[in-house]
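Me: I would like a close look at one strand pairing in this model, followed by an account of the parts around it. Please give the cut-offs of the terms as they come up.

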Amino acid sequence: MLGLEIIASSVTSGFLLGGTLALTALGLSIVLGVMRLINLAHGIFLIAGAYAGFFLQQVTGLDPFVTVVVVAAVVGAAALPVQRYLLEPLAKYGAEAPMMTTFGLAIVLENLFLLKFSADTRSIETSEAAVPLQLGPISVPLIYLICFAVSVCVILLVHLIVVRTSFGRDLRASAVDPGAAAVVGVDVRRVHTLTFALGGACAGVGGTLIGILFSFTPASGANYLLTDFTIVVLGGMGNILGTLIGGIVLGVLQSVAGIVLGDGYRDLIGLVVFLAMLAVRPRGLFKGHAA
Amino acid sequence: MLGALVIAGVFAVGALFPHLLSDYAMQIGFRTMLYIVLGEAWNLLAGYCGLVSLGSASFVGIGAYVLVGLLNTTPMPIGLAVVVGGGGGAVLAALVSPAVFRMRGLYFTVGTLALGEAMRLMMVNAPWFGGATGLFLHVDWPSSYALYLYGLVLLLVTEFVLSVAAHSRLSILMRAVRDDEDAAAQVGVRTFRVKLFTFMVASFLMSAAGALQAYKLSAIEPYGMFGLQWSVDVLAMVIIGGMGLRYGPIFGAILVIALGELLADYPELHIAITGIILIVLVRFAPKGLVGLAGQARAWFAGRSSGAGLA
Amino acid sequence: MSTGKPPADNLIIETRGLTKRYGGVTAIDNVDLAIPRGEVFGIIGPNGAGKSTLVGLIGGALPPSSGSVFYEGADITLLLAAERARRGIGRTYQIPRPFLDMTVAENLQVPLYSVNPLISRRHAEEMVEANLLRTGLAGAAKQTARNLTLLRRKRLELARALMLKPRVLLLDEVGAGLVESEVSELIELIHSISGDETSIVIVEHVIRIVRECCRRVAVIHVGAKFAEGRTDDVLADKEVATIYLGTAHGEGKAEVRHGTVQTESSVAKAASSEVLLRLEGITAGYGQARVLNGIDLEVRAGEAVAILGTNGAGKTTLANAISGTVALTGGAIRFMGNDVTTLPSHMRMKCGIAHCMEGRRIFSTLSVEENLLIAARGVDAAERRRRLDRMYGLFPALHERRDNPGTALSGGQQQMLAIGRSLMSDPKLIVFDEISLGLAPIVMDLLYKTLTELRSAGLTMLIIEQDVERAIDIADRACVLEHGRIALSGAASLIRSDTRLRQLYLG
């Protein structure tokens, strides 16, 4: 029988990790909510962020938490032309066409990364790496807490943008009725491009956090894609704060499953939850949506 | 109908004159036929009934594991084992349908993706299915020719089913469900049954293909049989060939296999190029290659009729 | 107020304590209905009263929160829509939903094959032809549903529902969007279908249909049954009049007419002011269909121009062409002298063109205030505040609800919001597209009063309307569209008495 301290620590770790994963899912959620696009390249955007963080750290020696802003800008900027030139022209062809394109992009990029960076496992090193934080009976690595804090800050920032700014207003209007939005003066194309870039930037930051917490290879993206879909469905498509809660819920559930059933079932529980949510409450756990 | 017969006929020729084809050619033919079966089945679900699935892997895998389980434990003949393998897929479809059909559109697609992955993870964790190392098939290795014949039979069955589906009264009901499920229900269509039937038929075909694949490999494990690449390859080939078009999957399958053979030594490049082709086609030829051919034909017809008027 | 309940054993549809709740909102509240066999029964009520929800509950598309539904004496509360259809309950939709990518014949084959998959080909063809004939679609078997006009789509939906030999038909606002002549055709159709074997339940706004078709009528108000009885009695009842019919069919009209006296002088004034909008030979359409076939129109500053015409004539397409929602296939649009033909939608607003779209199109993800603010672009905060306050002054009801989600308002309030939103950009020209659609007469009175005020303040407007009387009352000029061309145009007062107009509408 596991000691209470171990269980408490494990659940807290799950809480923190889940909150961090929420950031990785945020980009997917926003793009899905506003553009009704299943971005199958989201996973590879995460990995791109991880590689960017990795190389920035190697080259500049700066703390990856500092360079994360650069990563966000880089991945966000890279996402802009993808939307403008690859996806935008497909707008009139229905939902499958852009999805297939993002899929094509994902496999092209994954294999380009394989060719360029090889399949070697990498991870981003930080000075705070293995230091444990002791809070009473609970012991979690300090790094988990820092990443959680970064994630929450970014999520809150995005939430404020969407709910308080005029861009956020335009975004929410375009999400629900792009035709009427255009008539009242919203440049819907620009909104979509910026939304996709925002999604990319979030993915970039999330990817760096993953690179810090775990190791990664070009193929890791696909696993995170599924986990992120689960979080998006838990939190509600396009619901930004919901994504945070969804991530935390999933993290805790996975910890519990790991303790109760064994390590191999952590990922499985995620998928089971996902399927159950889709079948029973596809709109997410919460009523209404921010976007 | 005629086109399907021609295609099947081409492959049948291979069966009738085995000495014309090398062993290698037979294997390629087998793979192509399997891919065509998978593509047709997927097209039935997505193109005709509107259910875009990213979970083909679930059914390929189930068929594989059922066949190996049966052949290892009973003296069942191969043909029957393949049929039962297909049946396994149909049963899985029936089991998950109440949950999966509650999801509409986008959610359905993502849900089937999760299903495939869930099956894979379950198999990895389940010790009595061999876990991560998988299972070995304890019967004799089949000859390329025998495989080819089994593949041909499956292909013929598939083409028959698709032709019936495209022209039958059932197709009217399927299209109604695809166009507007609620309105269809309001005029008396039992939409759940229509979707379930289509789903079971498509799953049967996919699982039968998976079973044959297992027979060929003689050793199966979760990553290979339930891996994402099945779902993805099927999707890619149908999109490349042309979704919803009768001959889309056939040409898509042929192209994808051909590409694989050409770039066999450069696996990353092969996948990357498939991705680029996908992107380019979706952008410039959204109806796939078959659609493109149709447009080209119409264009030529237009040109030749106007040529004499100068 | 209820005048006698028919004997219980002769009821085709009965509801007992039927209730439907959505979260905190009670859409239908404890409704008891007893609809006798062989009749045409009407259900009327103000917008948002819950009438469509009632149809959904009876037809099976919506499960009730409590209460029960009986069909021919049997409890069908737990039956799904498909089962109810198979037992003989047919239903049409407020906005017709035929299977757009299938032909007319295929649309009819769907219900046929679902109940009788083995029917012989000849028998099937006979049944299809018979129902097409019955609903006035003879010869249209091979047309794709997508290419049908609104009235023909309604006919198709009816034909499709008839394939299952229904014993009761639920018609949900089937008169919406039709003009007088089309309404007459519809009434004839309803008369020909109803009978001892086919009862009809009509949920309607168009009073004429109710008056000429229904023997008995029930009034639904805020989800509950307000009144029930013989049609003439109910329609004459004073209480019913105030909650629903408003004063439009009495005093209200005189009020609006008063406004017309003023426009005579402003017509003379407008004739000398600058041309704001000029349409030169514009053609436009959707996919294969060419809807606008060469329209020339000039609108001067300060004018109010009514655009009239039967359905399918191209009124909404014209509005969409002006705002850029639909691209032109030919011709040019000039606004204040500038060529805006290829300017995208969001830039036309900057030029000063506002479009109050058909169906309101309020953003559900934005609050009422945000819906207003989103249209005030490129101005500083003080100006935005000023315009907002002006809007709230015009529509006080919006101020009360400014933080509510945009769609959590009644139909009339949403229309106010839509009008307010299009005013927020301080436009020089507004196109009002069917603002009265689906609204009760009493609400229409209010809206048109506001429009008259705006007119007096000098706003240039294009008013696309189904309700000819209202549009002509407020306009200086009127243009009548037919088949994508202007068939008739001139001063509103002259158009009113023009016999050609009558012919176009009343046949």
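In S9(C), which residue is the bridge partner of C:Gly42?

Reply: The bridge partner of C:Gly42 in S9(C) is C:Val217. The model is predicted, so local features are reported at pLDDT of at least 70 and side-chain atom pairs at pLDDT 80 or more, while totals for chains, interfaces and linings use all residues. Residues are numbered from 1 along each chain as its sequence is written, and chains are lettered from A and ligands numbered from 1 in the order in which they are written.

Strand S9 of chain C covers residues 216-221. Strands here are DSSP runs of E with at least two residues, helices are runs of H or I with at least four, and both are numbered from the N terminus. The pair C:Gly42 and C:Val217 belongs to the pairing of S9(C) with strand S3 (residues 40-44) of chain C, where the two strands run parallel and are joined by four bridges. Two strands are called paired if DSSP finds at least two bridges between them.

S9(C) also pairs with strand S10 (residues 224-230) of chain C, here in the antiparallel sense and over six bridges. In that pairing C:Val219 lies opposite C:Ala227 of S10(C). Two residues separate S9(C) from S10(C) in a hairpin, and C:Val222 in the turn has a positive phi of about 50°. Five of the six residues of S9(C) are buried, so the strand is largely enclosed by the rest of the structure. Buried means that 20 or more other C-beta atoms lie within 10 Å of the residue's own; 12 or fewer makes it exposed, anything in between partly exposed, and the C-beta atoms are placed from the backbone.

Chain C touches chain B. That contact takes 23 residues from chain C and 17 from chain B; two residues are in contact if their C-beta atoms, placed from the backbone, lie within 7 Å. On the chain B side, helix H7 (169-179) and helix H8 (181-186) each supply at least two residues. H7(B) gives the most, with six residues. By class, this side of chain B has eight nonpolar, three polar and six charged residues. Ala, Val, Leu, Ile, Met, Phe, Trp, Tyr, Cys and Pro count as nonpolar, Asp, Glu, Lys and Arg as charged, and the others, Gly among them, as polar.

Chain B also touches chain A. This contact takes 31 residues from chain B and 33 from chain A. Helices H5 (106-125), H11 (228-241) and H13 (267-284) of chain B each supply at least two residues of the side that touches chain A. H5(B) contributes the most to it, with 14 residues. The side divides into 22 nonpolar, five polar and four charged residues.

As a whole, chain B has 14 helices and two strands. The C-alpha atoms of chain B fill a box of roughly 75 × 55 × 35 Å along the principal axes. Of its 310 residues, 52% are buried. Among its contacts with a separation of 6 or more, 79% join residues 24 or more positions apart.

Chain A has 11 helices and two strands. From the N terminus on, the order is α-α-α-α-β-β-α-α-α-α-α-α-α. Its radius of gyration is 19 Å, close to the 19 Å that the rule gives for 291 residues, so chain A is as compact as a globular protein of that length. Buried residues make up 60% of the 291.

Helix H1 (residues 4-35) of chain A reaches 45 Å from its first C-alpha to its last over 32 residues, close to the 46 Å expected at 1.5 Å a residue; the expected span is 1.5 Å times one less than the number of residues. H1(A) bends by about 40° at A:Ala25, the bend being the angle between axes fitted to the seven residues ending there and the seven starting there. A:Arg36 follows H1(A) with a positive phi near 55°.

How values were computed. The radius of gyration is taken over C-alpha atoms; the globule rule is 2.2 Å times the number of residues to the power 0.38.
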